[in-house]
Each structure stands twice: as C-alpha cells, then as structure tokens.
Amino acid sequence: MTPLLLNAARAFAMVGFADGKLAPAEAQRFAHMASYDPALSHAGHADIADAWTEAAHEVHTAQSFGTALIAIRTEITEAADKAVIMRVAQAAVVADGKLEAQENQAIFSLAEALGLDPKAY
C-alpha cells in the first residue's frame, strides 16, 4: 500500500466520520473511487480494502482528526498528491447521501493542514 493510498483513505475516513459515524456506503464509495481514480487505481482491491480498514480504525479509535491530519500533512507534500487528497475528501462529503456542516469543517481543516486555501474547497 502506498502512502498516497493510505492518506487518501485517511482523508476520506476523516471527512466521513465528521458526523460521528462511518456508514457502510462510505466504505463502498471509497473502494469504488480508489479503484477508478487515475492516481490510486494501480493499487489492487486488497490494498484498497486494507487502506480503508487501517484508516477507518485510526479515525474511529482516535475520535479526533489530529492523528490523521498530522500523518497526511507529513506524508503528502507534492502538489499533485495534495490535489488527489482533496478530491477524495470532497467525494466523502456526499458519500453517505447527506451533507453535514461537520464534514465541510473537516474539509476546511484538511486544506489548512496541507497548506492550501480552505476557501478554495
């Protein structure tokens, strides 16, 4: 599993968990998105599933986004990778079929952690 895949899963899980729970639809949406995203699709289904499991466990166990944000900020430094992370995170906002203010705040925090302008997202 690549750092980009794991951090994409972290970003998706972080945004998905912003409302206090991860829905099965969010796991399915991440798997589908990662399977077709040009930057992530080279990973096999097993790696995608493992990345989701690890990221979801991290976010759920921590009950906060600090650990995920630090890992993402530390490991994702290239502009192209930052764009992938934000694209994945934005897809998570509507993955469960609901738009929650907490999910938008998670996007804002993620953009800030990556050194990006949160207003652009």
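Trainee: At 18% relative accessibility, does Asp19 count as buried or exposed?

Mentor: Buried means under 20% relative accessible area, exposed means over 50%, and partly exposed lies in between, with a 1.4 Å probe and protein chains only. Asp19, at 18% relative accessibility, therefore counts as buried. The model is predicted, so local features need pLDDT of at least 70 and side-chain atom pairs count only at pLDDT 80 or more, while totals for chains, interfaces and linings use all residues. Residues are numbered from 1 along each chain as its sequence is written, and side-chain values use heavy atoms, leaving out hydrogens and water.

Trainee: Which residue forms a salt bridge with Asp19?

Mentor: Side chains of opposite charge can pair when their charged atoms come close. For a salt bridge, a side-chain nitrogen of Lys or Arg must be within 4 Å of a carboxyl oxygen of Asp or Glu. Asp19 pairs in this way with Lys21, and their closest N and O atoms are 3.7 Å apart. Lys21 is partly exposed, because its relative accessible area is 43%.

Trainee: How many salt bridges are found in the whole structure?

Mentor: The search finds 4. One of them joins Arg10 to Glu75, with 3.6 Å between the closest N and O atoms. Arg10 is in helix H1 and Glu75 in helix H4 (residues 66-75), so this pair links distant parts of the chain, 65 residues apart. A helix here is a DSSP run of H or I with at least four residues, a strand is a run of E with at least two, and both are numbered from the N terminus. Arg10 counts as buried at 7% relative accessibility, whereas Glu75 counts as partly exposed at 39%.

Trainee: Where is Asp37, and which side chain does Asp37 meet in a salt bridge?

Mentor: Asp37 is in the loop between helix H2 (24-36) and helix H3 (45-62). The side chain of Asp37 meets that of Arg87 in a salt bridge, at 2.8 Å from N to O. Arg87 lies in helix H5, so the pair ties together parts that are 50 residues apart in sequence. Asp37 is buried, with a relative accessible area of 5%, and Arg87 is partly exposed at 37%. Salt bridges that share partners also join Arg10, Glu58 and Glu75 into one network.

Trainee: At what angle do the axes of H1 and H5 cross?

Mentor: Two packed helices are described by the angle between their axes and the distance between the axes. Axes are lines fitted to C-alpha atoms, for helices over the stretch in contact, and angles run from 0 to 180 degrees between N-to-C directions. The axes of H1 (residues 3-17) and H5 (residues 79-93) cross at roughly 30° and come within 8 Å.

Trainee: Which residues of H1 meet H5?

Mentor: Contact means heavy atoms within 4.5 Å. On the H1 side, the residues that meet H5 include Leu4, Ala11 and Phe12; on the H5 side, they include Val84, Ile85 and Val88.

Trainee: Which residues of H2 are buried?

Mentor: They are Glu26, Phe30, Met33, Ala34 and Ser35. The buried residues of H2 pack against H1, H3, H5 and helix H6 (101-113).

Trainee: What is Val59 in contact with, its neighbours within four places in sequence left aside?

Mentor: Val59, in helix H3, is in contact with Arg10, Ala13, Met14, Phe17, Ser64, Phe65 and Ala68. Val59 is buried, with a relative accessible area of 1%.
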